[in-house]
Amino acid sequence: MSKLVILNLGTGDLHKGFPDVTVQLGLTNDPRAMEFRGSLPAAPEISQLYRNWQTLYSALYQYYGWSVRLEIEDTDITNFSEVEFNNLCQQLSSRINIWLHSDQFRKIDQKLRTQLNPNEEICFIIATYDNLLRRLPWHLWNFFEDYPNAEVALSPLEPQRLNKIYTKEKKVKILAIFGNHKGIDISKDKYLLESLSNQAKISFLVEPQLKELSNELWGKGWDILFFAGHSSSQERGVLQINQTTTITLDKLKHGLKKAIKSGLHLAIFNSCDGLGLAEALEDLHIPQVIVMREPVPDVVAQEFLKHFLTEFSSGQSLYSALHEARKRLEGIEDEYPCATWLPVICQNPLSAPMTWHLHRKMITTKSILVILLTSLLATSLIMGVRYWGYLQTSELQAFDHFMQLRSQLVTEQPDQRILIITIDEADIQYQINKGMQMRWSLSDQALAQLLDKLNKYQPRSIGLDIYRDGVVDPKLATRFKEDNRLFFVCKVATTDDDGDSDGIPPPDGVSSKRLSFSDFVADDQDIARRQLLDLTPLPTSLCPTEYAFNLQLALDYLDKEGKRSFGTKEGDLQIGNVVFQQLKKHTSGYQKVDTSGYQILLNYRSLPSVEKIAQQVSLKDVLNEKISLESVQSLKDRIVLIGLSAPTNTNDYWKTPFSSNAKLEQKQIPGVFVQAQMLSQILSAVLDRRPLLWWWSGWMEFLWIWGWSLVGGITAWYYSKPLHLGLAVVVILLTLFGLCFGVFTLAGWVPLIPSILALLATQVVVVLWFRHYRVAKRKQLNSQL
């Protein structure tokens, strides 16, 4: 968006000076607009120099016999010198700069330079009613040498806003009027407009009658009014609409008002001496008018129109297109001096400059094909890269981020069905101080006492998440065999060279129904995101069980609740009415992972900490009976987990999806708390209908990613300006993130990272393609013109 500068010269003139000059930076009705005040001295010599220049300029086209779009009378000048004319141009330029560098105006100049960026597009409006000031070549002010993207426009002192009725046409609508062309060639103008027929709807009127022209103006929704032929600024602007009819714009006043109200944005008079025409249209509050200040040779008019239409129709702003077209006339000034002085735009500062694509952008078949093919290829490429596991790390990181964010926004309660008895450093030291024989973190004596004390709690199940291999106290061994509430763990054989390749055996004599493995499956960096429910142990394994510790405890608890487990036809585990969907090798963010055994995703509870999954008491407090009777009664019928919470002599410490967020979780947590999370997931899914994590099929994910890829392509097509495109991308990415996270709060894991990559990749390709297409189209148009 260009900057707007309005230089209001007030009611003064060059003979008396300008005592009240104001400069506004920004829109006139914008409360944020900056305003500077100053004055300008009288400069009557500029008035005389310009009139001398105007006389010599008129003699110039007579001397060379140019075809000029104005019927003129012969001048009295018989001796004409190009050197004299060039010297006069230099004098006029010099006097204008001296005048604008006066002390009274210098403060305004300096303040403008502190607020404007030399690289930005600037619409510099001169607001005045003085006809001579409107004719001056303001672009000669050396201010514009330092601001090369600034273009001068003219406006009245008191512009008014006009409410318009906009049409819904997809193409720009142009009413092209070709008036009396005696002595000039306007066929090139017609050809130039016809070359835009695929981008605009153009209606041609050739030497129309007044009634015909009036009827067309009353038509619906013209965007641009174009005129080529003879014109002048006499009587506030006259047009020769045919060889016998010359009219002022007052004859078309009501039709023009109707056209402007219906959406007419721009009038282009590619004819001579059009400032009078612009003044008449300004009274009707038209947004923009482009005219020639003085008589214009045919070649200059045609060259200007060619370059202007090329730039404007290719997406350049109105001011940028006019600026470029005017500067391009410099190449013919050796034959047509001062050609760059002629084009000028008259702007209503209360109206935004017109853009070529006024209405909804028209999408062509070629654009559709480009977007479809690009999005399809980008999606296929992203899915291929994903299939081979190259996106797995980033997708799992996104999964962790969602899990952390959910725990901050959604708070669940701890699972009241579980009690965790922890053994920390103080508990180990307590056993040592009591003279107990320590071979594990939990001695036989302490375990025997603990089981006796737990009878008061009347637990439904007791899970010992500590290995008990080796010789056990005979009384304790008998209890292990006979107490059906007790569940034990062992470690299955592995192929890793970790010192326990054959596994760790369970206690002797324990029933296989109360025996389970404690092994986890973890991703890179030992992060536990998956839950292993069962596996087939190796023949050499010292731990022969097939079921996980958390699953055995859950099945025992649920069996007493009347919830039976069985396998579905598809081979999935079902408990009650709940099916536990098994992870496959290619499941959502997991695309290249070992899924041996029966694995599901672990849906952690949303808690301040993973360790807050259930109520906890220490071993020492239980043994010393420091738990109140009321608390003991409230702990009835729970599943009791006994596990180590101290880091001594154990490798059972794990990272979780929360480990990267120090505010939520320590870097690693003891395995007994992860077991509690897994146990709680099964119980809550079956008894509380708490959702398990789910995901889409491969085809659904492909369609989802392709959909966002299409959104990226359409956005790149629709927004041509980098700033607008950038803002749109930010909004779309936030929307995508919000949707993915919203689904995640409902336990769904849908692709985020692949969707972002497909969207951005498609956008980049489409932007580059359309940029190449516009450049090629511009070159093609130039060659045609």
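1. Start at helix α6, residues 187-194, where D189, L192 and L193 are buried. Buried means under 20% relative accessible area, with a 1.4 Å probe and protein chains only. Helices are DSSP runs of H or I, at least four residues, and strands are runs of E, at least two, numbered from the N terminus. Down the axis of α6, the buried residues fall within an arc of 95°, so they line one face of the helix. The arc is that of the directions from the helix axis to the C-beta atoms.

2. The cover over the buried residues of α6 includes β6 (172-178), β7 (200-206), β8 (224-228) and α10 (298-313). Contact here means heavy atoms within 4.5 Å.

3. This is a predicted model: local features need pLDDT of at least 70, side-chain atom pairs need pLDDT 80 or more, and totals for chains, interfaces and linings use all residues. Numbering runs from 1 along each chain as its sequence is written, and side-chain values use heavy atoms, without hydrogens and water.

4. The protein has 23 helices and 27 strands. Its radius of gyration is 42 Å, well over the 28 Å that the globule rule gives for 785 residues, so the protein is more spread out than a compact globule. The radius is taken over C-alpha atoms, and the rule is 2.2 Å times the number of residues to the power 0.38. The C-alpha atoms fill a box of roughly 135 × 55 × 45 Å along the principal axes.

5. Of the 785 residues, 55% are buried. Among contacts with a separation of 6 or more, 76% join residues 24 or more positions apart.

Definitions and conventions: Buried < 20%, exposed > 50% of the residue type's maximum accessible area, 1.4 Å probe, protein only.
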